[in-house]
Structure formats: structure tokens, C-alpha cells
Amino acid sequence: MAERRPYPSDLSDARWALRRLLRQKEGKDAEPSACVIDAQSIKISTSVPAAGQGTDAAKKIVGRKRSTVTDTLGLLLAVLVTAASVQDFVAGTHLVDQVATAHTSVRKVWVDGGYRQHLVEHAARLGIDMEIVQRAAGAGGFTPLPKRWTVERTYGWLMFHRRLTHDYETLPARSEAMIHLAMTDLMASRRTGEATISWRDPTLRDQTPIP
């Protein structure tokens, strides 16, 4: 008989439990076998010390970089916040190590062209097949890429949380904690079927519109 994991006793275990429930609800195995890694450069507030920020030369953004790992449903598996000047493959190495340790069922990962070949070799040594998904030649503007679009959607979900539109945290660890909290909120809402009322549809599902 498989060993039963104890009931969640802290926020980390609660996230673990929520993710398993959502994956099973979508007809997936409780533990992921594949994931996606991507990075997002974000602007910062004046509270962020100079030592904790940098410049993303490719995107012309001064701030921090959020490197994340999601499963194929867009649910967060790991996150690392660094200065925006940190190269994607450097942060990616740390994330692959985290995934190999915390999610031993993962055997496949998709990344973009910013992750170099030696990271592919590093992942292979950990038993993970890493595939670099390249943008089609001549493609312009926003083009959803196979497999990788799920992590882009996750960044869109996170932007609904106003505190994540910029990085306001003094310490990178606090930024990571805020991202985990936002994802916990998102997963809880999906699990319960609840959604924030918006001006587009201000009536709850179980209420009759006022004429």
C-alpha cells in the first residue's frame, strides 16, 4: 500500500493538497509528469534595495525577474525571484534542481530559447528531458507557443493580484511568498468554483438580475 502523506499542517502542504485536488478534478494524475519553465521581468518600487535589482537588457526593464515552474495546467510548482540581470539559464538551473528534488515524478520540461544547451544536459543528468521550444521563423507579435503558453497564462492570472503588478518587496523571499499566496488563492477559487464579481457580470450565479 502506498504511504499516505499526513494532512496538510502548513501553507506549503496546503498548496500541495490543493494542486493535487485540482489536477484530479481535471482528469490528471495527482502528481505532474511534465512542467514548463519561464521567466518574467517586472518593474520595482522604490522600496527595493539597489543590491536586489538589475537590468534585463533584452526587455529594457530595470527591476527583478520571476522565474517560475508550472505544470501543464498552469499551476505553480516552484518560483525563484532574482535581479532582472540574472540570466534565465542560471535561475533555470536552480529551478530544475528544485523540481528534481520536490517533484520526482517530473520527466519532461519545456523552456524557451533563453535557456542554453548546457541546462538541457544538466536536466538530463537528473533524469529530466528538457525541450527548447523555439518561436517560428518570421513570427511577429504575440504568438502562443505549444506547451509554453500555459506558463504565460499563469503570469496573466498573477497580474490580477494588484500587489504583483510591480515588485514592492524588500527581500526576494517575500516576493516569492506573495506569488505563492496568490497562487494559493487562485487554486482555492478554482477548487470551490468561486470567482470575483466584476463590472462585466455584477450578479452572483445564484441571484436573479434586478430589472
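## Basis of the description

In this report, a contact means heavy atoms within 4.5 Å. The structure is a predicted model, in which local features need pLDDT of at least 70 and side-chain atom pairs count only at pLDDT 80 or more, while totals for chains, interfaces and linings use all residues. Residues are numbered from 1 along each chain as its sequence is written, and side-chain values use heavy atoms, with hydrogens and water left out.

## Overall architecture

The chain contains five helices and six strands, where helices (H or I, at least four residues) and strands (E, at least two) are DSSP runs numbered from the N terminus. Along the sequence, these elements occur in the pattern α-β-β-β-β-α-β-α-β-α-α.

Of the 211 residues, 42% count as buried; buried means under 20% relative accessible area, exposed over 50%, and partly exposed in between (1.4 Å probe, protein chains only). The accessible surface of the chain comes to about 12400 Å², and 55% of it belongs to carbon and sulfur atoms. Accessible areas come from the Shrake-Rupley method with a 1.4 Å probe, and for residues only the protein chains shown count as cover. Among contacts with a separation of 6 or more, 62% are accounted for by residues 24 or more positions apart.

## Two nonpolar cores

A nonpolar core is a set of buried Ala, Val, Leu, Ile, Met, Phe, Trp, Tyr and Cys residues joined through side-chain atoms within 4.5 Å. The largest such core has 21 residues, of which Leu-158, Ile-179 and Met-187 touch the most other members. Two or more residues are given to this core by each of α1 (11-25), β1 (34-43), β4 (76-83), α4 (149-158) and α5 (172-192). The greatest contribution is that of α5, with five residues.

Met-187 touches Arg-15, Leu-18, Arg-19, Leu-22 and Leu-75, when residues up to four places away in sequence are not counted. A second, separate core consists of 20 residues, including Leu-95, Val-111, Tyr-115 and Val-120.

Helix α2 (residues 88-102) has 15 residues and reaches 21 Å from its first C-alpha to its last, close to the 21 Å expected at 1.5 Å a residue. The expected span is 1.5 Å times one less than the number of residues in the helix. The buried residues of α2 are Asp-88, Phe-89, Ala-91, Gly-92, Leu-95, Val-96 and Val-99. These residues lie on the same side of α2, because they cover an arc of only 145 degrees around the axis; the arc is that of the directions from the helix axis to the C-beta atoms. An α-helix has 3.6 residues a turn, so residues three or four places apart point the same way. The cover over the buried residues of α2 includes β1, β3 (61-71), β4, α3 (117-125) and β6 (129-132).

In α3, the buried residues are Leu-119, Val-120, His-122 and Ala-123. Their arc spans only 160 degrees around the axis, which puts them on the same side of α3. Their cover includes α2 and β6. After α3 comes Gly-127, whose phi is positive, near 85 degrees.

## Selected buried residues

Cys-35 is placed in strand β1 and is buried, with a relative accessible area of 2%. Leaving aside neighbours within four places in sequence, Cys-35 is in contact with several residues, among them Val-69, Thr-70, Leu-77, Val-99 and Trp-110. Cys-35 and Thr-70 are 35 residues apart in sequence, yet 5.5 Å apart in space, C-alpha to C-alpha.

Thr-154 lies in helix α4 and is buried, with a relative accessible area of 2%. Its side chain reaches the backbone oxygen of Gly-74 at 2.7 Å. Leaving aside neighbours within four places in sequence, Thr-154 is in contact with Thr-70, Gly-74 and Met-183. Another buried threonine, Thr-82, has a relative accessible area of 15% and is found in strand β4. Beyond neighbours within four places in sequence, Thr-82 is in contact with Arg-64 and Lys-65.

## An exposed loop residue

Lys-60 lies in the loop between β2 (54-56) and β3. At 69% relative accessibility, Lys-60 counts as exposed. Lys-60 has a positive phi of about 55 degrees, although it is not a glycine.

Definitions and conventions: A polar contact is a pair of N or O atoms within 3.5 Å; within protein, one must be able to donate a hydrogen and the other to accept it, and residues adjacent in sequence count only if both atoms are side-chain atoms.
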